[in-house]
Amino acid sequence: MRICFIPIDNRPVCYTLPKYIAAMDDEIELLLPPREYLGDLTKIAQIDEILKWMEGINECDAFVLSLDTLAYGGLIPSRRGIESIDEIKSRLARLKPLLEGKKVYAFSSIMRISNNNYNEEEKEYWSEWGKKIFEYSFHYDGLPYGGSPHTNLLHSGKECAIPDEILQDYLITRKRNFEINKSYLDWDFETLIFSKDDCAERGFNVEEARELERLGGKTKTGADEIPLTLLARAIEKEIKVFVEFTEPEYKDKISNYEDVSIEKSVEGQLELGGFVRVFDRNEADLVLIVNNFIEKQGELVMGWTTQPYNKTFIPPKKPYAIADVRFANGSDNAFVEQILPKLDDNFYGYSGWNTSANTLGTILATVKVKYGASKYNHEAFKNLQMIRMLDDWAYQANIRVNGQTPDIKDLMKPFEEKLTKYKQIGSIIYSYPWNRSFEVEVSL
């Protein structure tokens, strides 16, 4: 199976993770543009070069596309860019003929509104006005640039003390992206998803999602993992999944950075990935174990605590995979210590990075490729699990939490040694592709 895959940007979870997942089936040929063509924290993607690369591809069975990359140059440039709507449409006019008659699984983001004054991924003025803009959006009923019927709760930015020129620039960018998203509804996609990244219960992004749904579009909470979930969907293998929550009485609680319960997040990922959820464990092909949180999701690096796993882990007697979402941005240490000695031949993978949606999309793509593999590569599976454990558990839940970056090779040794029972490893390289501690790249 040949799949053309256009990532969001060049981060490891966007670029190398799909390759590690696809490598578990030697019959899957995953085609990605050269990594240097993709954008990063400060650079937009080389859109012309990516389109030229796509024009040179022979027949593919499926295309999995981040439309933000091809429209704006990446997810971050979609929030920062100053191009006009006509400039963006001219790029898309070049893309559209390349997809005619093809099976295309695509997603485009609904521009997020982060509730902070942190401008690393936003326009410069976010450092002073980000929280105010979030507040304005949260208390405004409807869309200030049309769409669903609305009544203003805040008639202007003055109630939030936002300078008019800043508010207008922000709203113009939002409207541009919203109009581009509406235009995709006329394209012929096998699957089209509009993603809701870092979403609160209310706001312009929530209203845009409602309007897109009213017009016939499908929306989903998440972002970085959606290409992986679409990769799972493109592999047309039906798998019946029984979901087992470690804290079943708390499955209605909402994760950090999301606007739906953890159960609904699981259901959304299963549906998008082409899985069938069953409620009889005996009918299931695989058990998805979700290590969910009690009351409130923790986040170690932010100092947000929650009760760690305090039960005894008993592996199922059939294939199982693990989504560790008790903490955002890293594993639950108590849970990992429980599962590591007990991983057996029924183990189909672990994930525990960033948001709940990120974790779920990753593990379901892993399950779909491993379970449905025509020519299974077990070494590739072990490589993938080693990287996830070193990243999600060792680095995110321990090294980064303790502020021990950037030179971490010696600090990672104790964790590597605990994992050598699972896989013998040689040289491991750790790097920071975006020159920040938020993400580390683990290269075996």
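Biologist: Which residue meets K251 in a salt bridge?

Modeller: First, a note on the source: this is a predicted model, where local features need pLDDT of at least 70, side-chain atom pairs count only at pLDDT 80 or more, and totals for chains, interfaces and linings use all residues. Residues are numbered from 1 along each chain as its sequence is written, and side-chain values use heavy atoms, with hydrogens and water left out. A salt bridge here is a side-chain nitrogen of Lys or Arg within 4 Å of a carboxyl oxygen of Asp or Glu. At 3.5 Å from N to O, the side chain that meets K251 is that of E263.

Biologist: Which parts does that pair tie together, and how many residues apart in sequence are they?

Modeller: Helices (H or I, at least four residues) and strands (E, at least two) are DSSP runs, numbered from the N terminus. K251 lies in the loop between β7 (240-245) and α10, while E263 lies in helix α10, so the pair ties together parts whose separation in sequence is twelve residues.

Biologist: Is E263 buried or exposed?

Modeller: Buried means under 20% relative accessible area, exposed over 50%, and partly exposed in between (1.4 Å probe, protein chains only). K251 has 29% relative accessibility and counts as partly exposed. E263 has a relative accessible area of 18%, so the word for E263 is buried.

Biologist: How many residues apart in sequence are the parts that R94 and E55 tie together?

Modeller: R94 and E55 form a salt bridge, with their closest N and O atoms 3.2 Å apart. R94 belongs to helix α5 (residues 85-99) and E55 to helix α2 (residues 47-55), so the parts they tie together are apart in sequence by 39 residues.

Biologist: How many salt bridges does the structure hold?

Modeller: One of them joins E179 to K182, with the closest N and O atoms 3.2 Å apart. There is also a network of salt bridges linking R79, R112, E120, E121, E122, R436 and E439. For the structure, the number is 37.

Biologist: D324 is buried yet has no salt bridge, so which side chain of opposite charge is nearest?

Modeller: D324 sits in strand β10 (residues 320-324). Lys and Arg count as positive and Asp and Glu as negative; His and the chain ends are not counted. At 5.8 Å away, the nearest side chain of opposite charge is R326.

Biologist: Which side chain is joined to that of D324 by a polar contact?

Modeller: A polar contact is a pair of N or O atoms within 3.5 Å; within protein, one must be able to donate a hydrogen and the other to accept it, and residues adjacent in sequence count only if both atoms are side-chain atoms. A polar atom of the D324 side chain also lies 3.0 Å from the backbone nitrogen of D332. The side chain joined to D324 at 2.9 Å is that of N291.

Biologist: Which strands stand at the edges of the open sheet of six strands?

Modeller: Two strands pair if DSSP finds at least two bridges between them. The order is β2-β1-β3-β4-β5-β6, with parallel pairing. Each edge strand has a single partner, so one side is left without a neighbour in the sheet; these strands are β2 (29-31) and β6 (219-221).

Biologist: How many of the residues of β4 are buried?

Modeller: β4 runs parallel to β3 (residues 62-66), joined by four bridges, and six bridges join β4 to β5, also parallel. F107 stands opposite I193 in β5. β4 is mostly covered, and the buried count is seven of its seven residues.
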